[in-house]
Amino acid sequence: MWTIVRIELFKIFRKPRTYIAFGAVAAIVWLIQLGFYVDGETYVQFGMQALSETFDVEGRVLNGYLMAYIILQTLLVHVPLLIALVSGDMVSGEAGMGTLRLLASRPVSRTRLLLGKFLASSVYTVALLVWMAIWTLFFSLWLFGADDLVIMKSEVVTQILRSDVMWRYAAAFGFATIAMVTVSSLAFLLSIFAENSIGPIIATMSIVIVFTILNSLGLPLFDTAKPWLFTTHMLGWKGFFDVQVGPGNEQVVGSVENLPAVLRSAAMLVGHILLFLAVSVAVFRRKDILS
Amino acid sequence: MDSSADSGAVIEVAGLGKVYGSLVAVDDLSFSVRRGDVYGFLGQNGAGKSTTIRMLLTLIRPTSGSIRMFGMDISRHRSEILARVGAVIEKPDLYGYLTGRENLRILARLSGCRDRKAIDRVLDTVGLAARADDRVRTYSQGMRQRLGIACALVHDPELVILDEPTNGLDPQGIADIRNLILRLSREGGKTFLVSSHLLSEMELIANRMVIIDKGRKVVEGECRTLLDPERQVVHLETMDDVQTRVRLARSRWAAHIEDDPQGRIRLSLDRADVPQLVRELSDMDVQILALRPFNRLEDYFLSLTQAG
């Protein structure tokens, strides 16, 4: 299995299209950071206006941790497209090139071949998220410095102590990785049915967009389906930034307000990954390779 | 398991069939390839050759029938069998963004071959050593074909399956591939199954063959037997073919006249009788324009498939 994974990773990282995603992530992050570096203070002051009238706000509100939070919120919605670029090509791209028959006629079982490809696309997804973490978190910290993280939600302001933030980012990136592997496994499944990668990439994005719209619509018709849509759970990483409040209205350091909900979301995503992978294997094992 | 191994059969196909909806691509096909054969797998385009080869390589699931290779059932011993087989299926499509050597390394690993020298050896065999580190997208069609064959040979298989290996090649490229197959067969002791619709090419390399048409076997056997050198079929072209037919029908040659799908005068006779035929036609005042021999595999193939 390791041989197949290594071969697939070698092929992924020798393809120029692989680096589009890394380049795009770096460019978007850098542009947001540049924008905030130049105009960020005004932006933050505007956002903190109401709060400043009541409270005395000290320290650097616009710091690396807040930047990472803002960037993650913006970027994680679009990353699925970058993931689908590679995962949607894993089988369909080989079929289109005519190399799938070359692989499938070697003394390796189709299940192992497919699992090897899936693991390689997952490694790519993890690599992209690590790359994103380096740029969004570490580069932001270097550029804007570190302080407590102040997050403004509709009616609530949460302040998380700087000493309590880093592990939350690690957990959030871990959760985001599961969410992105879910998208990757969907694109991977769709790539088995196609002979060029455009179809699976567009189909993956269409599904993500349609499901996201269904989530945001408050119509009772879709309420039953919502808990079962993977897109409902993809933003579960935000749960790590909701802190439990103690009896004296003080923050409980190291706590998550609704950890069971976050874990449920993670489990739902893992369930989707396993389902997509099982269907992929079942289809691929029986597939006539005509390309 | 041992019976076919003892009989020397490397491939035994029995009652093989593949149906796509209402289309019968392969129909009750049976043939066998013996160890050391250069086995010609002949048929016109769309006859079912590639579908059969894909079934041999487990790329397509047969609708019916069985495939045994090296005495083992392919559905039960897939990996064991494929480790002993190398193949080029239709076009030699490879990873254009990788070099020839990288392509070989990938396929060698997947075939369980870890001998680095094997890659150099096989590059030498197909004459690609000098371009091994160039990207495949810069290769000519002939070079891609040779690299495809190198990929099929890199793990030193006992059986090599080549599907239309001379497609799209110039005459020199065709000759190179032909010589390579003959050399590997004679010196390397490998068994080849080579499909083609270029029958004149097959005539030069195959010792046994099967001809298929519309997914069914038309004939199978030794090329030598099928192309009996003692037997001669001729096409006769005269000033007045209608009169010639009448005169021949009244002569002792009447029994030798054969049906011809294109309406030509065709006679089947012993090679030694040809001069006598010419003499007697002359005595019958038949003005001969041409007397063409008809025993090449291409003619044979066309007559069999068109008769069907």
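**Close-up views of chains A and B**

**View 1. A salt bridge joins Asp288(A) to Lys18(B).** The two side chains meet with N to O at 2.8 Å. The model is predicted. How many salt bridges are counted between chain B and chain A? The count is three. Polar contacts between chain B and chain A come to 17 residue pairs, with both residues of each pair at pLDDT 80 or more.

**View 2. Elements of chain B line the side that touches chain A.** Which element gives the most? That is α4(B), with five residues. By residue class, the side of chain B that touches chain A holds 16 nonpolar, 11 charged and four polar residues.

**View 3. Chain B and chain A bury about 2,900 Å² between them.** Carbon and sulfur atoms carry 55% of that area. Which three residues supply more than any other three of the area that chain B buries against chain A? They are Tyr95(B), Tyr97(B) and Leu110(B), with 25%. In terms of contacts, 31 residues of chain B touch 29 residues of chain A.

**View 4. Lys117(A) and Glu94(A) form a salt bridge within chain A.** Their closest N and O atoms lie 2.8 Å apart. The pair links distant parts of the chain, 23 residues apart. Lys117(A) sits in helix α7 (residues 110-144) of chain A, and Glu94(A) in helix α5 (residues 92-97) of chain A. Over all chains, the structure holds 30 salt bridges.

**View 5. Chain A has 11 helices and two strands.** Along the sequence, the order is α-α-α-α-α-α-α-β-β-α-α-α-α. The C-alpha trace of chain A spans about 70 × 40 × 30 Å along its principal axes. Mean pLDDT for chain A is 88, and 97% of its residues reach 70 or more. Where in chain A is confidence lowest, and where highest? Strand β2 (residues 157-160) of chain A is lowest, at a mean of 81. Helix α11 (residues 259-286) of chain A is highest, at 95.

**View 6. Chain B is assigned two domains, domain 1 (2-225) and domain 2 (231-307).** Taken over C-alpha atoms, the centres of domain 1 of chain B and domain 2 of chain B are separated by 39 Å. Chain B averages a pLDDT of 86, and 92% of its residues score at least 70.

**View 7. Residues 1-6 of chain B stay under 50 in pLDDT.** For residues 1-6 of chain B, the model has eight contacts beyond four places in sequence. Where pLDDT is low, predicted coordinates should not be read in detail.

Key. Residues numbered from 1 in each chain as written. Chains lettered and ligands numbered in written order. Heavy atoms only, no water. Contact = heavy atoms within 4.5 Å. Buried area = accessible area lost by both parts, 1.4 Å probe. Salt bridge = Lys/Arg side-chain N within 4 Å of Asp/Glu carboxyl O. Polar contact = N/O pair within 3.5 Å; in protein donor to acceptor, adjacent residues only side chain to side chain. Helix = DSSP H or I, 4+ residues; strand = E, 2+ residues; numbered from the N terminus. Nonpolar A, V, L, I, M, F, W, Y, C, P; charged D, E, K, R; others polar. Domains from an automatic or database assignment. pLDDT = per-residue confidence, 0-100.
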